[in-house]
Amino acid sequence: QVQLVESGGGLVQPGGSLRLSCAASGSIFSINIMAWYRQAPGKQRELVASISSGGSTNYADSVKGRFTISRDNAKNTVYLQMNSLSPEDTAVYYCNADIHPGGSYRYYDYWGQGTQVTVSS
């Protein structure tokens with residue numbers, strides 16, 4: 001059973017920083033794209049950043065220059081370093097990964113349970 005478990009959310013003041021982590025566990029053959037999405041109240045879920053297995057990254061315009069996505073392939077873990085946070089970044093952040101489970105013949109799309117990030121003074 002493959003699972004994604006996020007950690008690192010919380011309350012931070014404007015201008016502050018947080019680092020989110022997401023670890024994939026279970027029987028995993030390989031992982032392709034790993035990504036972070038977020039969903040604010042009353043809004044659609046949106047892509048924040050993604051990273052390929054080779055390290056190529058993609059960012060939403062709203063977070064470019066402030067957020068950095070990275071991954072540790074040996075640990076099946078993806079990170080999101082968030083700097084210069086503003087109240088507009090308040091949302092539930094979800095980890096997403098394209099995973100080829102052991103014993104399977106294809107990749108599947110997996111989601112974490114979400115972690116709340118609140119930016120407020």
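Predicted model: local features only at pLDDT ≥ 70, side-chain atom pairs only at ≥ 80, totals over all residues.
**Exercise 1. In strand 5, which residue is the bridge partner of Tyr 37?**

Residues are numbered from 1 along each chain as its sequence is written, and side-chain values use heavy atoms, with hydrogens and water left out.

Solution. Begin with the terms: strands are DSSP runs of E with at least two residues, numbered from the N terminus, and two strands pair if DSSP finds at least two bridges between them. Strand 4 pairs with strand 5 (residues 46-51) in the antiparallel sense, over five bridges. Within strand 5, Leu 47 is the bridge partner of Tyr 37. The two strands form a hairpin with six residues between them, and Gly 42 in the turn has a positive phi of about 75°.

**Exercise 2. Find how strand 4 is joined to strand 9.**

Solution. Strand 4 (residues 28-39) and strand 9 (residues 91-101) run antiparallel and are joined by nine bridges.

**Exercise 3. Describe the open sheet of four strands and its edges.**

Solution. First, the order of the strands is 1-3-8-7, with antiparallel pairing. Next, strand 1 (3-7) and strand 7 (67-72) are the edge strands, each of which pairs on one side only. Finally, strand 1 is joined to strand 3 (residues 18-25) by five bridges, and Glu 6 stands opposite Cys 22 in strand 3.
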